[in-house]
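Student: Please take me through one part of this model closely, the place where the two chains meet. I would like one connected account.

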Amino acid sequence: MATEGLQILLVEDNKSDATLTIRALKKHKLVNNITHLKDGAEALDFIFAKGAYEGRNIDDKPKVIFLDLKMPKVDGLEVLRVLKTDERTKLIPIVMMTSSKEEKDIIESHKLGVNSYVVKPVGFENFSKVIAELGFYWLFLNNTPRI
Amino acid sequence: MAKKALASKSKEKDALTAQLAKAVQELAHQNEEKEKRVQELDTVNKELAYQIAEKEQKTIELKTANEELQSFSYSVSHDLRTPLRAISGFSQVLLEDYVHQLDEEAQYFFTEIIDNTRKMGELIDNLLDYSRISQQHIVRTKIDMEALVKTLIKEHKILYPKRDINVTVGKLAEMNGDGVMIKQVFSNLISNAFKYTSKREKSKIEVGSTIDNDEVTYFIRDNGAGFDPRYYDKLFGVFQRLHGDSEFEGTGVGLAIVDKIVKKHNGKVWAEGKPDEGACFYVSFPIVNSKNKKHGN
């Protein structure tokens with residue numbers, strides 16, 4: 001798999017969270033290639049090379065997707081559902097990142113096959129650490145099948 | 001002769017007629033009574049139907065209130081945390097990226113901001129925990145209290161590697177209750193014991209239990225800061241604290257949560273303490289067995 005290709009896809013509607021997440025990833029020199037999209041609809045268009053992303057190479061799949069739960073238009077659970085049921089994308093690791101610690105969200109995400117569910121800590125030190133650990137784990141430590 | 005027979009028959013007939021009349025009267029009376037009973041039954045049935053309708057109405061209202069509370073809690077947990085994270089995050093960013101342009105005082109101010117957002121985050125979490133307890137159902141199982149307490153103590157000791165903390169755990173009776181909730185109770189009590197003994201050179205904490213016919217009592221004793229018994233009724237109140245934030249950190253919800261959970265289990269919690277002479281917290285639970293099944297919720 002090409003290392004210059006897509007590495008992390010961050011789907012996050014909150015500007016502050018996105019800025020802080022990207023900063024944490026870059027600070028720990030984990031990635032050069034982070035793509036940030038602002039809602040679920042955009043994410044699906046991007047992955048399946050539709051709409052505004054029609055020309056994109058659909059085989060260039062992200063190594064991991066950091067997905068927020070609550071987003072306008074198409075929310076995280078819906079994106080999760082679509083990606084985990086499509087043969088082309090069901091093997092991409094998805095990390096749900098959210099402020100919600102609610103049981104029903106955790107349960108629903110796991111029912112849909114989420115690989116990891118992480119609650120964003122309020123304190124920034126912890127947040128930065130968590131992002132860095134996640135990045136390191138999913139990009140280097142974990143063995144994802146070649147897709 | 002025939003006249004005599006006729007007279008006798010006539011007498012019989014009269015007696016029978018009288019009897020018949022009496023029986024008819026009796027029957028009429030019984031009928032009247034029966035009608036009365038039917039009326040009474042009818043009234044009672046109507047009353048019962050009304051009560052049932054009332055109860056159903058109240059149940060619907062309660063369900064609605066609970067659902068509203070759930071979605072309120074959900075909003076709080078999700079929507080309040082997000083801007084809080086931004087405040088904390090960007091303060092940290094400023095501290096890191098602009099450290100050379102910030103004098104000591106400015107750096108201190110940013111540290112204060114970050115600290116306070118952390119506290120607010122804790123407050124939100126604690127508030128949510130507290131509000132959720134009333135909605136939860138108790139799932140009763142047998143709880144190995146010795147194992148539970150020993151694990152909690154180990155976890156807490158790790159948080160204070162440099163302190164001299166002596167903990168004795170006596171033989172602890174088993175109890176019946178909701179594992180998650182009871183763990184919360186003892187976690188809060190043990191956490192307090194560790195926290196309020198933090199200023200002692202040698203901290204001493206003791207956990208034990210006593211048992212009698214119908215209840216089991218656990219106690220946690222410490223040699224810490226204690227509390228002023230004059231303010232005892234504030235001890236288990238929500239957001240009520242008996243020590244300043246600068247002396248000991250806290251949000252004032254820990255004991256309120258203990259109180260709520262213990263009450264849900266039909267138990268009791270109380271404490272003894274003197275300022276600077278340590279404290280002892282007791283929790284007792286009724287023994288639930290198949291003979292005297294007590295319903296808890």
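**The interface of chain B and chain A**

Tutor: The contact (heavy atoms within 4.5 Å) takes 23 residues from chain A and 19 residues from chain B. This is a predicted model, in which local features need pLDDT of at least 70 and side-chain atom pairs count only at pLDDT 80 or more, while totals for chains, interfaces and linings use all residues. Residues are numbered from 1 along each chain as its sequence is written, chains are lettered from A and ligands numbered from 1 in the order in which they are written, and side-chain values use heavy atoms, with hydrogens and water left out.

Between chain B and chain A about 1,900 Å² is buried, counted as the accessible area (1.4 Å probe) that two parts lose on being put together, summed over both. Carbon and sulfur atoms give 53% of that area.

The rule finds 4 salt bridges across the interface, a salt bridge being a side-chain nitrogen of Lys or Arg within 4 Å of a carboxyl oxygen of Asp or Glu. B:D97 and A:R23 meet in a salt bridge through their side chains, at 2.8 Å, N to O. On the chain B side, the elements that give two or more residues are α1 (2-97) and α2 (104-133); helices are DSSP runs (H or I, at least four residues), numbered from the N terminus. α1(B) gives the most, with 15 residues. By class, the side of chain B that touches chain A has 8 polar, 6 charged and 5 nonpolar residues, where Ala, Val, Leu, Ile, Met, Phe, Trp, Tyr, Cys and Pro count as nonpolar, Asp, Glu, Lys and Arg as charged, and the others, Gly among them, as polar.
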